Amino acid sequence: MISASAAEAALRTVLPRYGIEESAEIDLVKYRENYVFRVTTTNGDAYAARIHRVGYHSNAELNSEANYLLELSHYGLRVPQLVATTDGAANCSHGTAETEVVIDLQHWIEDAAPMGDIVAALDGDPSLSEDDFQALGRELGRLHRACMSIGVPEDFTRGAWDADGLAGSAPLWGDPTKLPTLESGEREMIAAAIQRLHRRLQQLPRDATHFGVIHADLTPENVLISGANPTLIDFDDFGTGWHLFDLVTVLFFYSRHPLLNEYRRGLEAGYRSERPGLPDDFFDPWEDLLVARGLTYLGWATERHGDEEASFIEQRVVPVVLELISRQHTTPVANTGGRA
């Protein structure tokens, strides 16, 4: 990934394509997969600018995201509102073929803050309540209902968070067994878990009730709260997958939290309120998908070993994943409704 200063320079260069002066105030908000900056114009208008990781997504994938966000907003979902360039494009590029970055602009959500924080979740911070997760569950239920109505467009170009994408030979976020900091015994344990997980996931139903377009990265950091209204942001990794994978992602970093049971109860209650009539087996694969979610973070760190965020995963997340694998090993295969 390019440096923060290079990302800011690229952003300033393309701002006129959005009708914004190059001298606008630019502040770095966060860096994880992408750089996110706040852009404030001289007349006080504010935007969130994403500078995408070089080579991470193709133009077709980014266009799929832009088009789907527009559809979701038509269904009344609170999602990022992209700003088109002056010539109507959803994003723009800057740099040479080797260093080209894609940049997009979104309207800034005023007076909003992330619902939670990964570090706070792992540390057991009790500031969130069961009601907070119930509200998020309702919003997630609305998201999935909208996605079920929209379906998978013909030109949809995104990854699949299915058995192969999560636990196949080439997972979407990288191979967890290649994380350099693993000890040999841990590596063997993870490799065995991946094989076991792949078999289990292949047995899960893929009908529209269980499987479809999902957010795929809905950590509490990707939920902005403004008043009582949650806004779901950062659809950078959205694609197709099991709906339950989104709920599992919400609570992954709370796996050791003392209020986990309350949080899960609230999340499930809110979700069920928006999706009445869910089959009895809908939540059965929770433990398998929880392990799958954890393995994605290890794979992500493998691809970015040496980054600060990768080091955090190596130190704080690996122990959680190993614990979940040990627990999952004794969990019966989820009810698949008769599918083999």
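**Strand pairing and helix packing in the predicted model**

Helices (H or I, at least four residues) and strands (E, at least two) are DSSP runs, numbered from the N terminus. Axes are lines fitted to C-alpha atoms, for helices over the stretch in contact; angles run from 0 to 180 degrees between N-to-C directions. The model is predicted: local features need pLDDT of at least 70, side-chain atom pairs count only at pLDDT 80 or more, and totals for chains, interfaces and linings use all residues. Residues are numbered from 1 along each chain as its sequence is written, and side-chain values use heavy atoms, with hydrogens and water left out.

Two strands pair if DSSP finds at least two bridges between them. Strand β10 (residues 223-226) pairs with β11 in the antiparallel sense over four bridges. Within this pairing, T231 of β11 is the bridge partner of L224.

Strand β6 (residues 101-107) is largely enclosed by the rest of the structure, because six of its seven residues are buried. Buried means under 20% relative accessible area, exposed over 50%, and partly exposed in between (1.4 Å probe, protein chains only). Strand β3 (residues 46-51) pairs with β6 in the antiparallel sense over five bridges. Strand β5 (residues 92-94) and β6 are joined by three bridges, also antiparallel. Strand β4 (residues 82-83) forms two antiparallel bridges with β6. Individual partners can be listed. Y47 is bridged to H107 of β6, L82 to Q106 of β6, and S93 stands opposite V102 in β6.

H107 is found in strand β6. H107 counts as partly exposed, at 43% relative accessibility. Leaving aside neighbours within four places in sequence, H107 is in contact (heavy atoms within 4.5 Å) with A46, Y47, A48, Q81 and V83. The C-alpha atoms of H107 and E308 are separated by 28 Å, at 201 residues apart along the chain.

H52 lies in the loop between β3 and α2 (59-74). H52 is buried, with a relative accessible area of 4%. The side chains of H52 and D104 are joined by a polar contact of 2.9 Å. A polar contact is a pair of N or O atoms within 3.5 Å; within protein, one must be able to donate a hydrogen and the other to accept it, and residues adjacent in sequence count only if both atoms are side-chain atoms.

Helix α7 (residues 243-251) packs against two helices. The axes of α4 and α7 come within 11 Å and cross at roughly 155 degrees. The two helices are therefore roughly antiparallel. Angles under 35 degrees count as roughly parallel, over 145 as roughly antiparallel, 65 to 115 as roughly perpendicular and the rest as oblique. The contact involves F133, L136, L140, L143, H144 and M148 of α4, and H243, D246, L247, V250 and L251 of α7.

The axes of α7 and helix α9 (residues 286-303) come within 9 Å and cross at roughly 65 degrees. That makes α7 roughly perpendicular to α9. Contacting residues are L244, F245, L247, V248, T249 and L251 of α7, and W286, L289, L290, R293 and Y297 of α9.
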